[in-house]
Amino acid sequence: METPSGRRLSPQEAREALAQLAEDEDAVRYPPIPRWFFLVGAAVVAGVALAQMLPPRTAGLVVLPLVVVMGLLAHRYWFNADGVSGASVKLGDMAGYLTVVLGTFAVGWLVEATTDAWWIWIPCAAVTATAVLVTGQRYVREFGHAR
Amino acid sequence: MPADAPAFDEVIHAPHRLRICAMLSAAQKVEFGALQQKIGLSKSALSKQLSQLVDAGYVTQEKGVRDARSRLWLALTAEGNRAYRGHVRALQEIVASDGG
């Protein structure tokens, strides 16, 4: 395929151009995020997991504000970081993280429903919080951190 | 023609304009200053590249205020997004053709 100038791009040039474009997209999509954001995120997912040990009505009262706080922080520090409005996240990039977190919750609900082992939410809280911290560490290493 | 049919686009083929489209494709809006910082162009050079994208109908500009500062926000139009995706597909085809 010819470029508008009539010159054929080599596969190597096309590869380099694609790598640059991916980097540019990521620079907007994944801004530097403060380290504490991930600490709060870990506390929130652990809190949501531990809340499952409470009666359903009380659990809802605990989970809702946690989720709202996390949503507001993500809105401010991720999706609307300085100079960006409405950054779009690629679901595929989060597949591993979402699989671990949602999978852990699924296991927790399954185990509790079939064995009444309420304590399952303690290891679930540890696993999900660790997943957030590890993801955060990788994120900061790759995209940097903000103050 | 499919929405993202592979096609080199004359307007966004220039490296800086292509990079601008890449960044704008990743958000609803990006501020002029942020774009300038990420691409490393002077104000006048970035304005020149942007005006060509605006003239082609690929980018829209909108003045707004955030944190008590007046800012110029830029967004990729649907047409601009289509042209960018088609351009990326054309590059991917070249890479794929090399792999056999």
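The model is predicted: local features need pLDDT of at least 70 and side-chain atom pairs count only at pLDDT 80 or more, while totals for chains, interfaces and linings use all residues. Residues are numbered from 1 along each chain as its sequence is written, chains are lettered from A in the order in which they are written, and side-chain values use heavy atoms, leaving out hydrogens and water.

**Extent of the interface**
- Chain B brings 31 residues to the contact and chain A brings 27, where contact means heavy atoms within 4.5 Å.
- About 2400 Å² is buried between the two chains, and carbon and sulfur atoms give 66% of that area. Buried area is the accessible area (1.4 Å probe) that two parts lose on being put together, summed over both.

**Links across the interface**
- Three salt bridges are counted between chain B and chain A; each needs a side-chain nitrogen of Lys or Arg within 4 Å of a carboxyl oxygen of Asp or Glu.
- One salt bridge joins Asp24(A) to Arg19(B), with the closest N and O atoms 2.7 Å apart.

**The chain B side**
- Helix H1 (15-25), strand S1 (27-31), helix H2 (32-39), strand S3 (69-76) and helix H4 (78-98) of chain B each give two or more residues to the side touching chain A. Helices (H or I, at least four residues) and strands (E, at least two) are DSSP runs, numbered from the N terminus.
- H4(B) gives the most to this side, with ten residues.

**Strands that pair**
- Strand S1 (residues 84-87) of chain A pairs with S1(B) in the antiparallel sense over three bridges; pairing requires at least two DSSP bridges.
- Ala87(A) has Ala27(B) in S1(B) as its bridge partner.
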